[in-house]
Amino acid sequence: AALPEVREALLGPQRDAARRGAVAVGRDTGSRVFPDAACKVYLDAPPEVRTARRSSALSRLGLDGRPELARSDVEERDLKDRTRAASPLAAPADALVLETGSIDAEEVAARVLDWCARVGGLQLPTEPAG
């Protein structure tokens, strides 16, 4: 939400969902929405990787995925999020900062699960669910 009033109104419902076990994703999730969360992860990738991902996602949706448009979209969103007055984009000091440009999704998941288990924000099952 771009409007501070909307962002503020969403805090209660988001925090209620987390108390019931929800996992949350968002650009200010660890810094603003859940500042006391045990496990925080900040995923990042170089601009060229994020541009390629955005271009591919737009194309899959049947939208204009030209790389120059995707790059502009990525750059504009980053600038807006980093400079907004309410809850600007920033990695929380206590988060695992993981650069995802050179690793695949399975490696990202493994590192996140390991990190969360180590900091106490995740209890992995001892037996496979089944």
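Guide: Happy to. Please keep in mind that this is a predicted model. The residue you ask about is Gly120, which takes a positive phi of about 90° just after H5.

Now to the helix itself. H5 covers residues 105–119, and at 1.5 Å a residue its 15 residues should span 21 Å. The C-alpha atoms at its ends are 21 Å apart, so the model agrees with that expectation. Its buried residues are Val108, Trp115 and Cys116. Looking down the axis of H5, you will find these buried residues within an arc of 95°, which means that they line one face of the helix. Their packing partners are two strands, E1 (41–44) and E2 (96–99). On the face turned away from this buried side, H5 carries the exposed residues Glu106 and Arg118.

Among the elements that give two or more residues to its lining are H5 and E1, together with the helices H2 (29–33), H3 (47–60) and H4 (67–83). H4 gives the most, with five residues. In total, 40 residues line the pocket, and those nearest its centre are Ala24, Val25, Gly26, Val41 and Leu43.

Methods. Residues numbered from 1 in each chain as written. Predicted model: local features only at pLDDT ≥ 70, side-chain atom pairs only at ≥ 80, totals over all residues. Heavy atoms only, no water. Helix = DSSP H or I, 4+ residues; strand = E, 2+ residues; numbered from the N terminus. Expected span 1.5 Å × (residues − 1). Buried < 20%, exposed > 50% of the residue type's maximum accessible area, 1.4 Å probe, protein only. Arc of directions from axis to C-beta. Contact = heavy atoms within 4.5 Å. 1 Å grid on protein atoms, 1.4 Å probe; cavity = no way out; pocket = protein on both sides within 12 Å on 5 of 7 lines; lining within 4 Å.
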